Amino acid sequence: MSFELISPNTLRDALDLLDVDDPSIRPFSGGTALRLMMKSGVFSPSKLVVLRGIPDLSGIEISDDGSLTIGALSTLAEVETSALVARQVPVLAGALKHLSNRRVRNVARIGGAIAHGDPHMDLPPLLSALNAEVIVESRNGRRHIAVEDLVIGYYETLLEPDELIVALRIPAQDDWHSAYRKVTARSADDWPALGVATSISHEGKEIRDIRLVVGAATERPTRLDISEGVLRSEGVAGLPRAVEAAMESVEVMDDSHGSATWKKALLGVELRRSVEEILGRNA
Ligand SMILES: Cc1cc2nc3c(=O)[nH]c(=O)nc-3n(C[C@H](O)[C@H](O)[C@H](O)COP(=O)(O)OP(=O)(O)OC[C@H]3O[C@@H](n4cnc5c(N)ncnc54)[C@H](O)[C@@H]3O)c2cc1C
């Protein structure tokens, strides 16, 4: 396999190298996913645009409105250990501790972790529950995409081949409280068989609003709309019905991490636990 490896120093130069009509030219962040895909023969690039030398894509900042902006080239380890992330969105720092091992987290970048589109990723469901968005740039300008809308199918995202994620923006969480429950078939830091991300705005046990997202067991991160509706209208008393609705409405995949029947049963258990965990923690 022969391909060109180019390392631009500016965002402008990187964007100029990408081509909307040629998906064989790919941005390369940490390379942890791309290398595996190339090694297994699933993907053969014509050109890799290495982003690591671009200073504009780094850094973690907080704005006056309390939102957090994380540069796309921040490593997962930098996000995990950031004091700002620990203060604003502790659930993200906690989830990263069990996302693979330290060697992978030292190399993989937040932009790559969101753009990859593998259904077995921990971050897209969690970031969707946090109502986060990505800031995306091409030669034609900038657009914002909700993380919830980004992954549209199995390894498929809304990103065009000439677009780069330049940053992730997580809004201030104010009175929202969140949990991420990852279930693995082997060690705690293995790929998830199931990920359940829950965010609740509540006062005591009274649920004002809720966002529930399931990942890993489904073809793409999936919002549990019916269960959310039940909990909004019935409050915590509706939890058994919300759990039942989630198990009935979601299409769960069979794969090497476990059977669909097992994962569906787990979804019920973890959804109930996540809601109880948040309401109990902040009661
Ligand atoms: C051993 C191992 C275990 C793992 N376990 C887990 C796990 O438990 N949970 C989990 O969630 N993940 C897991 N992963 C996956 C890991 O999270 C991803 O490989 C990693 O986050 C991808 O980031 P990267 O910077 O290396 O991306 P790259 O490999 O560089 O790129 C991945 C994809 O994103 C595109 N891309 C990269 N950067 C951008 C950008 N800025 N804008 C647009 N497109 C971009 C690339 O073109 C490519 O298509 C594991 C990976 C390995 C190797």
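The following chat concerns the packing of a predicted model.

Colleague: Which residues touch the most other members of the largest nonpolar core?
Modeller: Within this core of 36 residues, they are Ile70, Leu92, Leu123, Leu127, Val134, Leu168 and Ile170. A nonpolar core is a set of buried Ala, Val, Leu, Ile, Met, Phe, Trp, Tyr and Cys residues joined through side-chain atoms within 4.5 Å. Buried means under 20% relative accessible area, exposed over 50%, and partly exposed in between (1.4 Å probe, protein chains only).

Colleague: Which element gives the largest share of this core?
Modeller: Helix 5 does, with five residues. Helices (H or I, at least four residues) and strands (E, at least two) are DSSP runs, numbered from the N terminus.

Colleague: And what is leucine 92 in contact with?
Modeller: Apart from neighbours within four places in sequence, leucine 92 has contacts with Ile70, Val79, Val85, Leu123, Leu126, Leu127 and Ile170. Contact means heavy atoms within 4.5 Å.

Colleague: How many residues are in the second, separate core?
Modeller: That core has 26 residues, including Val183, Ala217, Ala260 and Leu267.

Colleague: On what conventions do these values rest?
Modeller: Residues are numbered from 1 along each chain as its sequence is written. In this predicted model, local features need pLDDT of at least 70 and side-chain atom pairs count only at pLDDT 80 or more, while totals for chains, interfaces and linings use all residues; side-chain values use heavy atoms, with hydrogens and water left out.

Colleague: Turning to helix 10, which residues are buried?
Modeller: In helix 10 (residues 225-234), the buried residues are Ser227, Glu228, Val230 and Leu231. They fall within an arc of 160° seen down the helix axis, so they line one face of helix 10. The arc is that of the directions from the helix axis to the C-beta atoms.

Colleague: What covers them?
Modeller: The cover includes strand 13 (206-215), strand 14 (222-223), helix 11 (239-249) and helix 12 (260-281). On the other side of helix 10, Asp225, Ile226 and Ser233 are exposed.

Colleague: How many aromatic pairs does a search of the whole structure find?
Modeller: It finds one. The ring centres of tyrosine 154 and tyrosine 155 are 5.1 Å apart with planes at 80°, so the pair is edge-to-face. Rings of Phe, Tyr and Trp (its six-membered ring) pair if their centres lie within 6.5 Å; planes under 30 degrees apart count as stacked, over 60 as edge-to-face and the rest as tilted.

Colleague: Are these two tyrosines buried, partly exposed or exposed?
Modeller: Tyrosine 154 is partly exposed at 46% relative accessible area, and tyrosine 155 is partly exposed at 37%.
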